[in-house]
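Trainee: I would like to go through this model with you. May we begin with the strands and then turn to the voids?

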Amino acid sequence: MTSRLSALLAVLALTACTKPAPETVAEAAGPNTLTQAQRDSGWTLLFDGKSLDQWRGYQNDSAPVGWRVDSGAIIKDSSAEDIITRDSFGNFDLMIDWQLTQGGNAGIFYRGTEEYDHIYWSAPEYQLLDDANAPDGASRLTSAGAAYALYPSPAGHLNPLGQWNTARIIVRGDSVEHWLNGTLLLGYRLGSDDWAGKVKASKFGDWPNYGKAASGVIGVQGDHNGRLMLRNVKIRKLE
């Protein structure tokens with residue numbers, strides 16, 4: 001095989017493996033707002049910048065103590081019970097701006113049910129973390145953007161402490177993608193042999209319905225100390 005042909009094949013292979021970026025979401029006029037183009041594309045807000053009306057506690061119809069709205073952000077300053085959406089979602093594209101203080105640790109749950117004592121017993125988790133200062137940052141399996149304890153995220157895509165990050169979770173059927181600040185971190189398939197093996201080897205193997213719901217609530221973890229701030233929480237349903 002000639003060197004020119006080898007080089008051409010290498011380029012073709014790289015092109016075939018490159019994941020195209022999802023549809024770009026243009027900037028709105030301000031935080032917690034949508035452009036007309038976003039609304040036309042099916043995006044809706046899960047937070048209007050003023051209230052927690054679209055959220056409630058896990059197994060509780062009221063928002064738990066410790067969560068508040070201030071300056072256009074959902075904030076919790078210390079350990080609090082988890083919050084979940086009032087609506088359920090099956091196939092969706094979710095975006096959330098998030099910021100933690102030093103050593104902070106939280107997570108975004110998806111397709112969660114309320115059949116168990118805790119949402120993380122049923123729902124996969126997108127990890128939110130201050131990688132440099134939180135103990136979980138010692139492993140990529142539990143660092144920012146990871147599918148917690150199952151699929152690791154690559155380093156180098158987290159913004160510096162004190163800046164906002166944007167998490168994006170795309171779920172369609174059994175396909176899941178985790179994005180951070182515009183970069184695809186990982187993808188996996190719910191129910192695949194690889195996924196089932198990882199679940200069985202993890203603490204989640206104790207709950208038979210973990211990750212099996214076709215539709216469920218979006219949740220935000222609150223039971224770690226430290227401040228968590230969220231804004232620009234938007235979602236669109238996918239076919």
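Trainee: In E13, which residue is the bridge partner of Leu 94?

Mentor: The bridge partner of Leu 94 in E13 is Ile 235. This is a predicted model, in which local features need pLDDT of at least 70, side-chain atom pairs count only at pLDDT 80 or more, and totals for chains, interfaces and linings use all residues. Residues are numbered from 1 along each chain as its sequence is written, and side-chain values use heavy atoms, with hydrogens and water left out.

Trainee: How many bridges join E6 to E13?

Mentor: Eight bridges join strand E6 (residues 92-100) to E13, and the two run antiparallel. Strands are DSSP runs of at least two residues, numbered from the N terminus, and two of them pair if DSSP finds at least two bridges between them.

Trainee: Why is E13 largely enclosed?

Mentor: Eight of the 10 residues of E13 (residues 228-237) are buried, so the rest of the structure largely encloses this strand. Buried means under 20% relative accessible area with a 1.4 Å probe, protein chains only.

Trainee: Changing topic, what is the volume of the largest cavity?

Mentor: The largest cavity holds about 40 Å³ of space. A cavity is a set of points on a 1 Å grid over the protein atoms alone where a 1.4 Å probe fits but cannot get out; the volume is the space filled by probe spheres set on the points, which are joined across faces, edges and corners.

Trainee: Which residues line the largest cavity?

Mentor: Among them are Asp 131, Arg 140 and His 157, where lining residues have an atom within 4 Å of a point.

Technical notes. 1 Å grid on protein atoms, 1.4 Å probe; cavity = no way out; pocket = protein on both sides within 12 Å on 5 of 7 lines; lining within 4 Å. Buried < 20%, exposed > 50% of the residue type's maximum accessible area, 1.4 Å probe, protein only. Helix = DSSP H or I, 4+ residues; strand = E, 2+ residues; numbered from the N terminus.
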